[in-house]
Amino acid sequence: MTTDKDLLDGQLEHWQRTFVANPEMYGPDPSEPGAYARDLFRREGMTDVLELGAGQGRDTLAFLRAGLNVTALDYASDALAGLERAAKASGHRAQLTAVAHDVHQPLPLPDASVDGVYSHMLFNMALTMSELDHLAAEVARVLRPGGLHVYTVRHTGDAHYGAGTAHGDDMHENGGFIVHFFDRALVDRLTPGCTLLDVTEFEEGGLPRRLWRITLRRSEAPAPVALTVRGGSRCRRARRNGGTPPPPPLSWGSTNPRTTTPCARR
């Protein structure tokens with residue numbers, strides 16, 4: 001009988017082989033959601049970002065070039081080694097902390113230690129519902145008050161949903177890769193300590209893959225000291241520019257933070 005550990009070990013080996021065989025599998029340019037997250041994090045004045053499932057680092061490198069400090073996690077150590085070499089070659093090695101890590105385990109960061117968390121299809125990995133709940137709670141734990149979480153998932157409107165070998169919890173295996181497909185109820189479920197700001201549908205790849213890009217904000221009120229420092233920074237920048245501090249592009253007080261276009265379940 002195949003156990004969860006067997007499935008996990010098999011996925012790790014499959015990804016390791018894939019990355020070794022295809023060292024530039026995704027190319028040098030950031031993904032569409034990676035570019036979105038980079039621009040959003042910069043507009044928010046963020047400095048410290050955690051990336052889950054960084055892989056070969058096409059989005060990581062975009063964050064580094066934008067001046068962000070990135071802690072990049074992935075369980076494929078070969079991919080992380082390549083990312084470290086690429087960061088060094090581009091002159092951004094000092095901004096990068098690369099850690100081999102399995103997201104089935106608690107995230108290796110202190111509470112409230114990063115401004116933003118990003119991942120591209122990491123939540124689609126071979127994770128059960130309870131493991132996804134744990135991961136979402138861990139993301140909320142490491143985010144600073146007001147921080148942003150941007151992630152993408154393939155959803156149940158994807159052509160591969162229901163195809164291949166079923167592993168339960170809406171997980172299906174195709175071509176050796178196990179994907180946990182999301183419905184909208186699961187998106188709404190994975191919001192502990194956060195406000196759901198946006199769900200945007202997009203397509204990627206030749207199939208094409210059908211995905212949602214999801215944006216959440218850590219919604220607990222900041223402690224007074226943290227609020228003073230964060231607000232003061234915006235005010236100082238505004239005074240230098242001779243104006244008033246601009247509001248963040250995505251706010252806790254959004255009039256309709258759950259409005260989505262288009263993301264009805266297909």
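Predicted model: local features only at pLDDT ≥ 70, side-chain atom pairs only at ≥ 80, totals over all residues.

Residues are numbered from 1 along each chain as its sequence is written, and side-chain values use heavy atoms, with hydrogens and water left out.

Let me start with the whole protein. Its secondary structure comes to seven helices and ten strands, where helices (H or I, at least four residues) and strands (E, at least two) are DSSP runs, numbered from the N terminus. Of the 266 residues, 47% count as buried; in the terms I use here, buried means under 20% relative accessible area, exposed means over 50%, and partly exposed lies in between, with a 1.4 Å probe and protein chains only. The accessible surface comes to about 12,500 Å², and 53% of that belongs to carbon and sulfur atoms; these areas come from the Shrake-Rupley method with a 1.4 Å probe, and for residues only the protein chains shown count as cover.

Now to the charged pairs. Side chains of opposite charge can pair when their charged atoms come close. A search of the whole structure finds 16 salt bridges, each defined as a side-chain nitrogen of Lys or Arg within 4 Å of a carboxyl oxygen of Asp or Glu.

One of them is between Asp 111 and Arg 141, with N to O at 2.7 Å. This pair links distant parts of the chain, since Asp 111 sits in the loop between β3 (96–100) and β4 (114–120) and Arg 141 in helix α5 (residues 129–142), 30 residues apart. Asp 111 is exposed, at a relative accessible area of 54%, whereas Arg 141 is partly exposed at 24%.

In another pair, Arg 38 and Asp 39 meet at 3.0 Å, again N to O; Asp 39 is partly exposed at 32%, and Arg 38 is partly exposed at 22%.

Which partner does Arg 210 have, and is Arg 210 itself buried or exposed? Its partner is Glu 203, with the closest N and O atoms 4.0 Å apart; Arg 210 is buried, with 19% relative accessible area, while Glu 203 is exposed with 52%. I would also point out Glu 32, Asp 198 and Arg 213, which are linked in a network of salt bridges.

Finally, the backbone. As a general rule, most residues other than glycine have a negative phi, and most peptide bonds are trans. Here, a cis peptide bond joins Leu 207 and Pro 208, with omega about -5°, and Pro 208 lies in the loop between β9 (194–204) and β10 (209–218).

Asp 169, although not a glycine, has a positive phi of about 55°, and its place is in the loop between β6 (165–168) and β7 (171–174). Asp 170 is in the loop between β6 and β7 too, with a positive phi of about 60°. Asp 169 is partly exposed at 36%, and Asp 170 is partly exposed at 27%.
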